[in-house]
Amino acid sequence: MAHDKLKQEVCRANKALVEAGLVVLTWGNVSGVDRASGVMAIKPSGVGYDDLIPKDIPLLSIKTGEIIEAGLQPSTDTPTHLLLYQEFESIGGVVHIHSTYATAWAQAEREIPCLGTTHADHFSGSVPLTRPLRPAEIQDDYECNTGRVIVERFAELGLNAADTPAVLVRHHGPFIWGENPQSAIENAIALEEVARMTAVTMQINSQALPCPEALLEKHFLRKHGSNAYYGQRSGGASSS
Ligand SMILES: [Zn+2]
């Protein structure tokens, strides 16, 4: 059947949240898309990760949000995921979690500053924080408005989704993305670890300064962008 691979990938990615220690109960969801056919697959609402099987994963149209292939009822966060795919065309997987450290920064209403190279390897600067939702935005169309304030913040800061693959939704928690569900999971693991490291650093020194710009750029660009040289290349040359 069409999209079986996408359903398997999204099913596996949701289970990976548990393996990575990023969720308890059912506090997280992962989605993925097939851009060629305009389809999104997402975790069903309220289903335990152990019980999840690919045939239960619902498929929706990225453009209209209509159900294309019914599995179980899609996650309540579906409108946020859809809006991110509509607005950030380079992304292929989205993770939403309430992991302790990243959520603590969101609740403390602080963006996560880039204090060192671990952060700079994954995020091209601070992990941004959205503005508070207004009462009317919470009452109606809440999940879609959550997506809108994310997109609004990226536009205000001139950020692009590929270089900054995460955001903190104020008083709520992080949304993280990547080229596919697996890379979104890796970025989610990186975000939680960086959120923890930064919190510990600021306990040691609450005045800790941001990573110097030159060092930030060096670390980000050696892993990302057209002149990246981190990892293994087909020529066999290696770097650490
Ligand atoms: Zn949430």
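The model is predicted: local features require pLDDT of at least 70, side-chain atom pairs count only at pLDDT 80 or more, and totals for chains, interfaces and linings use all residues. Residues are numbered from 1 along each chain as its sequence is written.

**Whole chain**

Display the C-alpha trace, which spans about 55 × 50 × 30 Å along its principal axes. The radius of gyration of the protein is 18 Å, in agreement with the value near 18 Å for a compact globule of 240 residues; it is taken over C-alpha atoms, and the globule rule is 2.2 Å times the number of residues to the power 0.38. Colour by secondary structure to show eight helices and seven strands; these are DSSP runs numbered from the N terminus, with helices (H or I) of at least four residues and strands (E) of at least two. Of the 240 residues, 38% count as buried (20 or more other C-beta atoms within 10 Å of the residue's own, with C-beta atoms placed from the backbone).

**The sheet**

Select the seven strands next. They form an open sheet in the order β4-β3-β2-β1-β5-β7-β6, with antiparallel pairing; two strands pair if DSSP finds at least two bridges between them. β4 (67-69) and β6 (166-169) stand at the edges with a single partner strand each, so one side of each has no neighbour in the sheet. On average, neighbouring strands are turned by 25° against each other, direction ignored; axes are lines fitted to C-alpha atoms, for helices over the stretch in contact, and angles between N-to-C directions run from 0 to 180 degrees.

**Strand β7**

Now centre on β7 (residues 173-178), which pairs with β5 (residues 93-97) in the antiparallel sense over four bridges. Within this pairing, V94 has W177 as its bridge partner, and V95 has I176. Turn to β6, which also pairs with β7 in the antiparallel sense over four bridges; here V167 is bridged to F175. In the hairpin of β6 and β7, three residues lie between the strands, and H171 takes a positive phi near 60°. β7 is mostly covered, with six of its six residues buried.

**Helix α7**

Finally, select α7 (residues 181-204). Its 24 residues reach 35 Å from first C-alpha to last, close to the expected 34 Å, the expected span being 1.5 Å times one less than the number of residues. The buried residues of α7 include P181, I185, L191, E192 and T198.

Definitions and conventions
A residue is buried if 20 or more other C-beta atoms lie within 10 Å of its own, exposed if 12 or fewer, and partly exposed in between; C-beta atoms are placed from the backbone.
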